[in-house]
Amino acid sequence: MDIYFVIAFGVIVLFSSLVHGSIGFGFGMISTPLVALFADIQTTITYMLISTMLVNIISILSEGKFFEALKKFWFIILLMVIGSALGTVLLVYTNSNYFKLLLAFIIFVYLLQSFVKIEATFISSYPKSSTYGLGLIGGVISGLTNIVAPLMIMYTLELKYTKKDTIQLSNLCFLFTKIGQLIVFISLGAFSNEAFELSILSIVIVSLGMFLGIKIKRKIDAKFYAKILKVLLFIIALTLVYQTLFL
C-alpha cells in the first residue's frame, strides 16, 4: 500500500472525526468524497466502513438513551439496512466511477439546502409512504455513496423532529447500514486485507479526533465553522465531477 495514501487517509480521517466531534455531524460527508479523490468509490467505502461505525457509536453514546431511540426508529432503520444492502450489491458488481457523480450530486443538494429551503410537504402529508421512500431509497444511496444527509434533513425537518432525535436517527441509521454493508462486502469477498489494515489504523485516529472535537465543542463558533466546511465540500464536489468526467 502506498505510504503517501496511508498518510493522506490518516489526515482525512483525523480531520473529519474532529469536525464530527465538534459540531455533531460531518464525518462521512467530509471523509468519503476526500478519500474518493484518491480511490474508486467501492474501495473508498470499504476503507471508511469501520471508522464510520466507530464515529456513529461514539455519537450515539454521547447523546444517550440508545434503546429509547432504537425503539422509536427501528422500522426506518430496518428499511435503510435493506436499501443499503441492495446498494452495496449493485456497487460490488458494477463499481462504476460514475457513482462519484452521484456522490457529488448529493453534496450539492446538501449545500443547496443550506441556502434555499427545499419544500417537501409530501413528507408530512404522507408520513408512512415517505418513511418507506427514505428508508429504501436513502438506504440504496447510502450503500452507493456513504452519504444520505440531504434526504435525512428534509425528512426530519418536515416531521418536526428535535435536533437530538435527528442526530440519533442519523447515527443509528448509519451504524446499522454500515454493519449490514460490512456483512455484504465480506460475504461477496470484497473486503480486502488493505481495508482491514486501514480500519485498524482508523480506530486509533477516529478516537483521537472525536476526543479532541468533543473537547473543543464549546469553544468554537459552530456557524462560522460550518460555513468554511461548506466551501470545502463545494470544492471537493466540483473536483469529483471534473475528475470523473475529464480525467
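Reader: What makes Lys160 count as exposed?

Author: Its relative accessibility. Lys160 stands at 70%. Exposed means over 50% relative accessible area, buried under 20%, and partly exposed in between, with a 1.4 Å probe and protein chains only. So Lys160 counts as exposed. Lys160 sits in the loop between α8 and α9. The model is predicted: local features need pLDDT of at least 70, side-chain atom pairs count only at pLDDT 80 or more, and totals for chains, interfaces and linings use all residues. Residues are numbered from 1 along each chain as its sequence is written, and side-chain values use heavy atoms, with hydrogens and water left out.

Reader: Is Asn146 buried or exposed?

Author: Asn146 has a relative accessible area of 1%, so it is buried. Asn146 lies in the loop between α7 (127-145) and α8 (149-158).

Reader: Why is α4 called oblique to α9?

Author: The axes of α4 (residues 66-94) and α9 (residues 163-187) cross at roughly 40° and come within 7 Å. That angle makes α4 oblique to α9. Under 35 degrees counts as roughly parallel, over 145 as roughly antiparallel, 65 to 115 as roughly perpendicular, and the rest as oblique. Axes are lines fitted to C-alpha atoms, for helices over the stretch in contact, and angles run from 0 to 180 degrees between N-to-C directions. Helices are DSSP runs of H or I with at least four residues, numbered from the N terminus.

Reader: Which residue classes make up the contact of α4 with α9?

Author: 18 nonpolar, 5 polar and 2 charged. Ala, Val, Leu, Ile, Met, Phe, Trp, Tyr, Cys and Pro count as nonpolar, Asp, Glu, Lys and Arg as charged, and the others, Gly among them, as polar.

Reader: How do you know that α4 falls short of a straight helix?

Author: By its span. α4 has 29 residues, but its end C-alpha atoms are only 36 Å apart. A straight helix would reach 42 Å. The expected span is 1.5 Å times one less than the number of residues. α4 also bends, by about 70° at Phe73. The bend at a residue is the angle between axes fitted to the seven residues ending there and the seven starting there. Phe73 is among the buried residues of α4.

Reader: How does α10 compare with its expected span?

Author: α10 (residues 193-216) reaches 35 Å, close to the 34 Å expected. A bend of about 25° is still found at Ser202. Ser202 is one of the buried residues of α10.

Reader: What makes α2 roughly antiparallel to α3?

Author: The axes of α2 (residues 27-36) and α3 (residues 41-63) cross at roughly 150° and come within 9 Å. That angle makes the pair roughly antiparallel.

Reader: Why is α3 called largely enclosed by the rest of the structure?

Author: 17 of its 23 residues are buried, so α3 is largely enclosed. α3 also has a kink of about 45°, centred on Leu49. Its ends are 31 Å apart, close to the 33 Å expected.

Reader: How do you know that Val13 is buried?

Author: Its relative accessibility is 0%, so Val13 counts as buried. Val13 lies in α1 (residues 3-23).

Terms used
Helices (H or I, at least four residues) and strands (E, at least two) are DSSP runs, numbered from the N terminus.
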